[in-house]
Amino acid sequence: MAERSKTAEPGHDLGSDDIIAGNVSKYAVLPAGYYGQPKKGHLIFDACFESGNLGRVDHITEFEYDLFIRPDTCNPRFRVWFNFTVENVKESQRVIFNIVNFSKTKSLYRDGMTPMVKSTSRPKWQRLPPKNVYYYRCPDHRKNYVMSFAFCFDREDDIYQFAYCYPYTYTRLRHYLDNLQRRNMDYFYRELLGLSVQQRQLDLLTITNPEDKTDLENSVMQKKIKIPKLSLNHVEEAGEVTDYGEEDVELRHSKRQDGRKQSEGTHKSIEAVVARLEKQNGMSLSSSSSPEETFMETSEGINNMDDAVIPRVLYEELLRSYQQQQEEMRHIQQELERTRRQLVQQAKKLKEYGALVSEMKELRDLNRRLQDVLLLRLGSGPAIELEKGKPESIEPEPEIQKTFSEEANTSTYYPAPVPVMDKYILENGKVHLGSGIWVDEEKWHQLQVTQGDSKYTKNLAVMIWGTDVLKNRSVTGVATKKKKDAVPKPPLSPHKLSIVRECLYDRIAQETVDETEIAQRLSKVNKYICEKIMDINKSCKNEERREAKYNLQ
């Protein structure tokens, strides 16, 4: 086998029409513009081993490679098998390999099969996950089918091997046959049938009863291909042929009551054969002679012929054409069935999507109505009295508190957008956030320049509750499941949680108007506050350990 150069020429991109002479041998693929020895991460491909097959490698990007497989011996139209190794990899290096010159349009890769992989430290063959393998028609490669698979190398010292399926080498087959022959079994016989183009032995195996071995060999050697024959012993006045000779060959699907084909269809088939013979032998028919007369004139010569009336070439051509049509029909039926299944699945998905859209609209309308009711209640008497100058936190009415509790437990809740300057009232160096919650004006302005939703939410929670309250509370009031003896802590005030969400919503609404993004970012408020509570408790425990250590000293 011919070998490629040891290192790929930088920037060299071979055309798709170049002839693939042989397998690659320790072929290092370097990026364009790089000169020198390959570094770690510059992949080295090799297929110069038994059952190996990889003819060319093209560097597309740092993470993508186009691979070309060699065709079968003496048959360049068939390109299916691949088997190669990759080395000089980096740990956690991710790549995409594209097998770009497959010759088959129908492949098991379309039905869930995946390539095989193994390495030096894990010599057992394993299949790649189906989610990492794609088999599709690529417009960049003359609309040929391409099989792409993604892979992540996890060990730098390993040599990885990829194959179409489980390899079965010629050497392994020879060893298996040698082991069978050494057993000297009576019902097993092995003999040399011939040599391949590459001078490899082709064995003929016979497995049968020892007593019938000689008879079987004679019958195999004497067996011939039967060609259908016709003998025309009797011709009726209308030109019908009623005797089919020694062998009754079925040329039509329709039959008569006695089991024979209809004479009219047979007569037309014979006319076609006679016309073909006339064309081959240079015979010419006069314009005045009818097909029946022509058939009668040639019947005498046909009766004297020892060979079949139907030429072997014509028979094989008709048979081959029929088989091709059957195969095409079967493929068309499979495509139709696959398309029907895909349409049914898409119809189900569209139906589910329509139901989800309608449900989402209803929930959105309900949410807006609840927001309107909540804003009306917040704008009533208690809220006005609080705005007049009471910095202390006053608990809301029970009915309002219940509404806040229901809204606080909904992760997707966010209020309608309200202008910031109209909503937050400044008075005596304090900022009123709503529901009787006041914060320092200087800290509020510092909070507005905070980067990130997480840091903004945590700082706002400290401003509203304080660290002393947060370390003894929880967001939901439910004990953690990680500890068996955990005692539940009192939950945070629902109306204050809603204030945190409102403030975060006002901040997000200035950055984006996408409702999906706003809802997704607001749903993480509880998570941020839980993290802040855990950080406060952790710092308190560390401080207690330092004090205990200091007291011991």
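Let's start with Lys26, which forms a salt bridge with Glu87, their closest N and O atoms sitting 2.7 Å apart. Lys26 is in the segment before strand E1 (27-28) and Glu87 is in strand E5 (residues 83-87), so this pair ties together parts 61 residues apart in sequence. A salt bridge here is a side-chain nitrogen of Lys or Arg within 4 Å of a carboxyl oxygen of Asp or Glu. Helices (H or I, at least four residues) and strands (E, at least two) are DSSP runs, numbered from the N terminus.

This is a predicted model, where local features need pLDDT of at least 70 and side-chain atom pairs count only at pLDDT 80 or more, while totals for chains, interfaces and linings use all residues. Residues are numbered from 1 along each chain as its sequence is written, and side-chain values use heavy atoms, with hydrogens and water left out.

Back to that pair: Glu87 is buried at 16% relative accessible area, whereas Lys26 is partly exposed at 38%. Buried means under 20% relative accessible area, exposed over 50%, and partly exposed in between (1.4 Å probe, protein chains only).

Now hop over to helix H5 (residues 312-378), where Glu337 and Arg341 are four residues apart, or about one helical turn. Their side chains meet in a salt bridge at 3.7 Å, N to O. Glu337 is partly exposed at 33%, and so is Arg341 at 42%.

Next up, Glu531 and Lys458 make a salt bridge at 3.3 Å, N to O. Lys458 is buried at 16%, while Glu531 is partly exposed at 28%.
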